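User: I am new to this structure. Please show me how to read its features, step by step.

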2 protein chains.
Amino acid sequence: MLDALFSPKSVAVIGASNKRLTIGYRIIQNLIEFDFKGPVFPVNPKDPFIKNFKAYKSILEVPDPVDLAHIVIPAKFVPSAVEECGRKGVKFVIINSAGFKEVGGEGIELENQCVQIARKYGVRLFGPNCQGIINTDPEVRAYCNFTFTRPETGHISIVAQSGGVGEVINQRFSELGVGVRMYASNGNACDVSIPEIIKYWGEDPQTKVIIVHIESLSNPRQFLEVARDVAAKKPILGMKTGRTEEGAKAVASHTGGLMREDITTEIIFEKAGVVTFRDQEDLCQSAAAFASQPLPEGNRVGMITNTGGPAIIATDILIERGATMPPLSKESEEFLKSKLYAAASVSNPIDVLATATPEHFRAAVDALQKDPGVDSILICFVTPFFAETEGIASQLSEAAKMGSKPIVCNLMTDKRQWTETIKIMRESGIPFYSFAEAAAKALSSMIQYNRLKTRSLGEPQIFTDVQKEKAVSVLARAKEAKRQFLTQGEANEIMLAYKIPTAKGALVQTVKDASEAARNLRYPLVLKIDAEGIIHKTDAGGVILNIQSHEQLRTEVSKMEKSFADKKVKFYLQEQLPAGNEIIVGASKVAGLGHLLMFGLGGIYVEVLKDVKFAVAPVSVEEARLMIESVKGFPILRGFRAEKGVHIDSLIEILQRISQMVTDIPEISELDLNPIFAYPENAKVVDARIGIAL
Amino acid sequence: MLDALFSPKSVAVIGASNKRLTIGYRIIQNLIEFDFKGPVFPVNPKDPFIKNFKAYKSILEVPDPVDLAHIVIPAKFVPSAVEECGRKGVKFVIINSAGFKEVGGEGIELENQCVQIARKYGVRLFGPNCQGIINTDPEVRAYCNFTFTRPETGHISIVAQSGGVGEVINQRFSELGVGVRMYASNGNACDVSIPEIIKYWGEDPQTKVIIVHIESLSNPRQFLEVARDVAAKKPILGMKTGRTEEGAKAVASHTGGLMREDITTEIIFEKAGVVTFRDQEDLCQSAAAFASQPLPEGNRVGMITNTGGPAIIATDILIERGATMPPLSKESEEFLKSKLYAAASVSNPIDVLATATPEHFRAAVDALQKDPGVDSILICFVTPFFAETEGIASQLSEAAKMGSKPIVCNLMTDKRQWTETIKIMRESGIPFYSFAEAAAKALSSMIQYNRLKTRSLGEPQIFTDVQKEKAVSVLARAKEAKRQFLTQGEANEIMLAYKIPTAKGALVQTVKDASEAARNLRYPLVLKIDAEGIIHKTDAGGVILNIQSHEQLRTEVSKMEKSFADKKVKFYLQEQLPAGNEIIVGASKVAGLGHLLMFGLGGIYVEVLKDVKFAVAPVSVEEARLMIESVKGFPILRGFRAEKGVHIDSLIEILQRISQMVTDIPEISELDLNPIFAYPENAKVVDARIGIAL
């Protein structure tokens, strides 16, 4: 589908130039230097020749078919250039020029124009305000990009919303000697989108790992769905930048994308099974391991070292990131005792000693490859002058070939002196790192991907006992009245319609109503004002707790009628629940995504400690359980010391039903069940607040 | 004091060898290759020549004075070699050989022997089981070490408990082209210690920044005191490895050091003003900035970029680490508007645009240097082919020389192509980094050091109203009786002696006693059993709350007498305090350091959320306040929503008095005030538990 973009048979450059410091020159230069396998057609209305090529006044004059055209002329001329591309039958157009959506105003208009023209002709657009693509495939060698880093051929494909970030990642791989498969940075992304590119690479057998850099997702739901499908097959490593308010501000000023809450993208990554990074170096170093090594089948790491300190560092990082360092099997220990120096340590980590021979290292790797209690191997290998380091590297290389477990290496050496050792290591395919931290982080990422890939999230449960129509009609009523928030009575109707257990209550309007309603309720009762425009009822003095009798109820209703005489009020009369563990469940709509659900312990936990967990709706039972179990205060819910815990399954069910509700009724813009009282045997909503997108 | 160690006039090698793969050969080779400025004397009982040098059968035969001798012979021969060094008048001995404390048993004995012999002669020992030292001073060029990395001359001095870690750090500086001043890795550290080395470098004018790697501190108090003095003058960058239980286990198996709780060292770093790192790469990259740049005077960063994405990343990191990105002054904005492209962004970050000229960059740096609202400058500089990158680098270099604010640069380039640009940047002294994260982290570290250096911790307050003698005598009584924990009555006596407000109470033994004591107390009362061996009184049924009358008191005392008839019990009768915010204050003794104080919110906060803060006693008012303000639940103490806060000064005073108590009475091994009830007007201890080091 994106074949003609990433593997064009021919490329035209509209705005090609003989001025060396222009993009119109550089793209042609890049194509030649990178040894592009097809013809290049410069388009320039004046110069008859560009570099060594015959130039054409218009793309319409190019005598052969054109798969891909760059447009590098000023923004205002771009729509008509797109038009000509359409007439010529060009398949893809990369608009490198800036001056579109990112500058606002007229730029937005120009960008829309281009999209409309392209649609008319069935031309696909890439950009505008973008770098372009690179494909290192020896049969293609397309460097349709004006940047300067020349990637080697490999198995990592990179799509970066920021060309700057993409270029830095490319540079790092180039420095590390790690190969790249394809590269794309699509700027404003008016047509060809990041999800579409990820999907395409999902089908590319030579792409073993995908890197994606995000500043803001323009279609988060599509990203989620595509990424989830692809991440089930091959690793996607994701990095979202602009997390802090200040960072996000910088995003807003640099791209035409929509601003979002800073962690939404990482919550989407988690759901999709994308491994999340917050550091470009970690991302690059981890990608190198993913590209060359098999995946670990679990989190149990066996370590080999010929120096103490760095192994300690690697251990710290692995443990902090959820790996384990299990004891070795008796067989492994016996085997190692028979092979290593007497003073060597044959437990995990295996310390082969600084003076270890190649055979010692080999024996240690073989033991770990064979040990059924170990899923992956980390080697700390320093090159003292008295060690046969080339022999060690060769043995590591051979051992790696014989086994099926991933190996990463912390190779500590002077790169200028130990060149042959490094060469052997490079040829072995074992990723090696100057720092123990980097090796451990790379391995941890692989372990994390394995966890994401093998977790069973299940499907959201569908409750057939809900009355969707009923809920929709309540909402419609409020919407018609242009009320942004439902009244308490309405909110409770919706809770009832979705069978979410809620404190029993009734909407009442007069003292008489109240007395009648109270017959069906059990004292003590709570009387709440229920009026438009009064959101914080307690602060407004509109909540009376602990009403014990009919007499008291009548008095309180009368009093409240007087206090709020100026407003058109109703009351909500509710059974007062015994105190339980306070829980908060929320949902908020995110444009283009659906809803984010939130779970937390109520009161201080949420307001001071921000101890909450988010997930993208709809959530399955497993996801709901994970949300609950991931809050820091979870031990309180599970039961702590003498305290009984609460009924977790009831909370899961509430999350599930809310999840179904907001999925059924996308008009709900926000929802807060705060508090829910959770008890050892069940859980009940005390107060529900529902907002509508008007 | 360590002159002859780091700047020896002559070096002998006892165990020098002609076998190329031995340490006895390599040290001589290293001295020659590093161009050591003094004579080298090989000592070997058999070979008459080692390499090109005349060898001596014994160090006693060396005809000239020897400042420093290496000993590389097997452990069991080392003591007599040390003896000979003593007789020869050698000043320092580096024992490279292993087989001492780190192997336990006989090794410990051998090490002690060496220490005793050395003391007798006034010889100082370095090691054993160590690498040695390096001094890059052009007048010295001492490479008294068997490793292989050749540092350039510079201003960073490194002391590493793990030689492996030290070597990796050296390698990284070598790769980065960053110079080193001195290096030391002293293994078992039987004599010359890390604090002594730090103190020495504190006086070395050429050392601008000190790096220290710690696995376990053998004398934490000495480290704290030395590091505090030195860190007040120049930056110390510290890294402690072996934080996780598994990592710490690996430490224990690799060194002869004492095991400690994993964060104690970082708490000591904080108090001493050492900048703490958890990643070697961050440490090295930050050191490069410290070594070349002036310190920032505050946390306000001005940023300049010619590419969007990386500036966003730098912003995220800076903000997350406590820096700010303030708006620029009107003058700066006006100046920039007059100098930059019209489309450039003249707010912070300043986006000069990809096509920016050298003059644009210069104007931006000049503006930030002049802007009084900015303390430091971060530049994101990508090198597109159409930019005059050499000119930009030259302008940055000149601008840096003209100003006094620190500058760091994220230089994004292909190092193989932009060699001249890199050369200019290197000569400028501006530290530059491939990744925005690294530049931002380095700058953040400098900002953090400035914060540590300029913070005013004050001196611990000394309360003269305490009765130390009284407290000591109570403790002595319990110690004599070999009781590991004080009774409640004793603990309360000590609280009283240190004027720590505690719920009023009395020790009683019989029903009659109780009735009498109750006359001086206010109901409701709490009756607690006070018996040896019953630590968890509530669990044992030994606490009766809410006693309202004399009658009830008598009944309860009688009942309890019966329940605990088998034990020799007393009772503690205490006024029951109204419920307050639960606080916990603790102290625990750490060998070689003194006491760690702990502050936290009680109950669930400490037990589930681990929301506590530690500090090394004694603490000042400022430190106590910082402990309280750093717990996550602090908003609850400050007063949250409608809730009144608690009296923070009362909590500070309790911390201060406990601090003084454990400093006065080091026999206290542990102390728990749990709970303290804090109120808006004061705070009172409900229960005190004190343990003694027997």
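**Salt bridges and symmetry**

Analyst: Start with a pair of side chains. In this predicted model, Lys441(A) and Asp279(B) meet in a salt bridge, 3.2 Å from N to O. Lys441(A) sits in helix α16 (residues 436-454) of chain A, and Asp279(B) sits in the loop between β14 (275-277) and α10 (280-292) of chain B, so the pair joins two chains.

User: Is Lys441(A) buried or exposed?

Analyst: Buried means under 20% relative accessible area. Lys441(A) has 12% relative accessibility, so it counts as buried. Asp279(B) is buried too, at 10%.

User: What does the salt bridge of Glu196(A) with Arg124(A) tie together?

Analyst: The closest N and O atoms of Glu196(A) and Arg124(A) are 2.7 Å apart. Glu196(A) lies in helix α6 (residues 194-202) of chain A and Arg124(A) in strand β7 (residues 124-126) of chain A, so the bridge ties together parts 72 residues apart in sequence. Glu196(A) is buried at 17%, whereas Arg124(A) is partly exposed at 23%.

User: How many salt bridges are there over all chains?

Analyst: A search of the whole structure finds 72.

User: How are two copies of a chain related?

Analyst: In general, by a rotation about an axis and a shift along it. The same surface serves both copies: 100% of the contact residues of chain B recur in chain A.

How values were computed: Residues numbered from 1 in each chain as written. Chains lettered and ligands numbered in written order. Predicted model: local features only at pLDDT ≥ 70, side-chain atom pairs only at ≥ 80, totals over all residues. Heavy atoms only, no water. Contact = heavy atoms within 4.5 Å. Salt bridge = Lys/Arg side-chain N within 4 Å of Asp/Glu carboxyl O. Helix = DSSP H or I, 4+ residues; strand = E, 2+ residues; numbered from the N terminus. Buried < 20%, exposed > 50% of the residue type's maximum accessible area, 1.4 Å probe, protein only.
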